[in-house]
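Visitor: Please take me through one part of this model in detail. I would like to look at the charged pairs, and then at what surrounds them.

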Amino acid sequence: MKRIYKPLAVIVCIAVLSSCASYKAQYKQENSKAQQTDSEILHSFYLIGDAGYSPAGSKSEALQSFEKALKQASKNSTAIFLGDNIYPDGLPPKKDKGRAFAENNIDAQIKAVKGFKGTTIFIPGNHDWYAGGVKGVKRQEEYIEKALEKNTFQPENGCPLESIDVSDDVQLII
């Protein structure tokens with residue numbers, strides 16, 4: 001009886017794997033295409049994550065591309081930094097030896113949005129919590145909001161599930 005299970009299992013695996021294989025793209029409808037509309041874009045979102053590492057005195061290539069896109073954005077747009085804003089360990093206290101490197105990394109992002117006409121939001125990521133938990137995140141919040149404006153760092157004090165009204169029809173939940 002045991003001898004039958006092994007070959008049977010191999011046959012079942014081959015049958016299952018070959019039934020899923022195809023060289024042709026699979027679509028629900030053969031002639032489906034993305035539909036374009038002439039409707040006005042009400043609001044645009046620009047997202048970047050893991051932007052927290054830039055060469056000294058400069059910006060990473062990803063951050064430079066992000067900045068270039070933001071220069072063309074309208075005032076009805078939001079730039080969101082999705083966390084890990086400062087590598088490797090968030091924003092340490094002022095007298096810490098890693099503070100200058102951390103400031104370089106966050107300053108590059110702040111400079112990237114300085115001329116941006118829309119709204120900017122920074123969200124903390126796991127690396128941002130490594131500089132002392134809530135205290136480190138609060139330090140980063142104060143640093144960013146001093147450089148930009150109040151409520152740029154969300155959610156307040158790193159506590160999740162805040163709602164931001166983007167427009168009458170759009171709500172951003174962080």
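Guide: A salt bridge here is a side-chain nitrogen of Lys or Arg within 4 Å of a carboxyl oxygen of Asp or Glu. The model is predicted. By that rule, the count comes to three salt bridges. Side chains of opposite charge can pair when their charged atoms come close.

Start with Glu 103 and Arg 99. Their side chains meet in a salt bridge, at 2.7 Å from N to O. Both residues lie in helix α3, four residues apart, which is about one turn of the helix. Now check the exposure of each partner. Arg 99 has 8% relative accessibility, so Arg 99 counts as buried. Glu 103 has 24%, so Glu 103 counts as partly exposed.

Move to helix α4. Glu 141 forms a salt bridge with Lys 138, and the closest N and O atoms are 3.7 Å apart. These two residues both sit in α4, three residues apart, again about one turn of the helix. Glu 141 is buried because its relative accessible area is 2%. Lys 138 is partly exposed, at 29%.

The remaining pair is Glu 67 with Lys 59. Their side chains meet at 3.1 Å, N to O. Glu 67 has a relative accessible area of 15%, so Glu 67 is buried.

Next, the nonpolar surroundings. The largest nonpolar core has 22 residues. Leu 63, Phe 66, Phe 81, Ile 106 and Phe 122 touch the most other members. Four elements each supply at least two residues of this core: α2 (61-71), β2 (77-81), α3 (99-112) and α4 (134-147). The largest share, five residues, comes from α3. Helix α3 also holds the Glu 103 and Arg 99 pair.

Take Ile 106 as a close-up. Leaving out residues up to four places away in sequence, Ile 106 touches Asn 85, Ile 86, Phe 122, Tyr 143 and Ile 144.

Ile 4, Leu 8, Val 12 and Val 16 make a nonpolar surface patch of about 350 Å². Val 12 belongs to helix α1 (residues 2-20). Its relative accessible area is 45%, so Val 12 is partly exposed.

Terms used
Residues numbered from 1 in each chain as written. Predicted model: local features only at pLDDT ≥ 70, side-chain atom pairs only at ≥ 80, totals over all residues. Heavy atoms only, no water. Core = buried A, V, L, I, M, F, W, Y, C linked by side-chain atoms within 4.5 Å. Buried < 20%, exposed > 50% of the residue type's maximum accessible area, 1.4 Å probe, protein only. Contact = heavy atoms within 4.5 Å. Patch = residues over 30% accessible without salt bridge, like charges linked within 9 Å, V, L, I, M, F, W, Y side chains within 5 Å. Areas by Shrake-Rupley, 256 points an atom, 1.4 Å probe, with all protein chains shown as cover.
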